[in-house]
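Please look over the structure below before reading on.

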Amino acid sequence: MSLSINKEKIKTYAVSILVPLVLGAIVGVLTTRTMHYENLNKPFLAPPAILFPIAWTILYTLMGISHGMLKWSRLSTPDTEAIYYAQLIVNLIWPILFFSLEWRLFSFIWIVLLDILVITMTLKFYRKDKTAGLLQIPYCLWLIFASYLNLATYLLNR
């Protein structure tokens, strides 16, 4: 009995982690060809380009773990699912707007929407499972930093 429970738990977490990782990787591959990060005037504190895929891999993994925690413990509800997938979709569209389309100002407005969605998601997750919510704090902090980078990059490259 416990072996089947462990298989189901592993499956729940694996799917929850792989969905954002795979989707993020697909968007990364699609936008890499149009990224000209090295040619942009970058703001103070802008990290090297190599840091971004590392950070996003960690953040997508934490996102998936939190989602898996709620799914496995049957704490996931239609509203937590809706906010989770809404923020994931908005997140995945941002690099297309910023890098591929080069809509830097619109990208800033878009990332502010993402900030709001992720803070809302974090609070909803926290109310259901404190650990699931706390695991999203690095994501919130990174997005605030990314919002600064987006706005500053827009201002420096108008």
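This is a predicted model: local features need pLDDT of at least 70, side-chain atom pairs count only at pLDDT 80 or more; totals for chains, interfaces and linings use all residues.

Residues are numbered from 1 along each chain as its sequence is written, and side-chain values use heavy atoms, with hydrogens and water left out.

**Overall fold**
- The protein chain has 6 helices and 0 strands, where helices (H or I, at least four residues) and strands (E, at least two) are DSSP runs numbered from the N terminus.
- The C-alpha atoms of the protein chain fill a box of roughly 60 × 30 × 25 Å along the principal axes.
- Of the 158 residues, 39% count as buried, a term that means under 20% relative accessible area, whereas exposed means over 50% and partly exposed lies in between (1.4 Å probe, protein chains only).

**The nonpolar core**
- The largest nonpolar core has 32 residues, and among those with the most contacts inside it are Trp 56, Leu 114 and Tyr 139; such a core is a set of buried Ala, Val, Leu, Ile, Met, Phe, Trp, Tyr and Cys residues joined through side-chain atoms within 4.5 Å.
- Helices α2 (51-72), α3, α4 and α6 (137-156) each supply at least two residues of this core, and the largest share, 9 residues, comes from α3.
- Leaving aside neighbours within four places in sequence, Leu 114 is in contact (heavy atoms within 4.5 Å) with Gln 87, Val 90, Asn 91, Tyr 139 and Leu 143.

**Val 27 in helix α1**
- Val 27 has its place in helix α1 (residues 2-32), and this residue counts as buried because its relative accessibility is 12%.
- Not counting residues up to four places away in sequence, Val 27 touches Leu 92, Pro 95 and Ile 96.
- The C-alpha atoms of Val 27 and Trp 94 are separated by 9.6 Å, although these residues are 67 residues apart along the chain.

**Around Trp 103**
- Trp 103 is found in the loop between α3 (78-100) and α4, and this residue counts as partly exposed because its relative accessible area is 46%.
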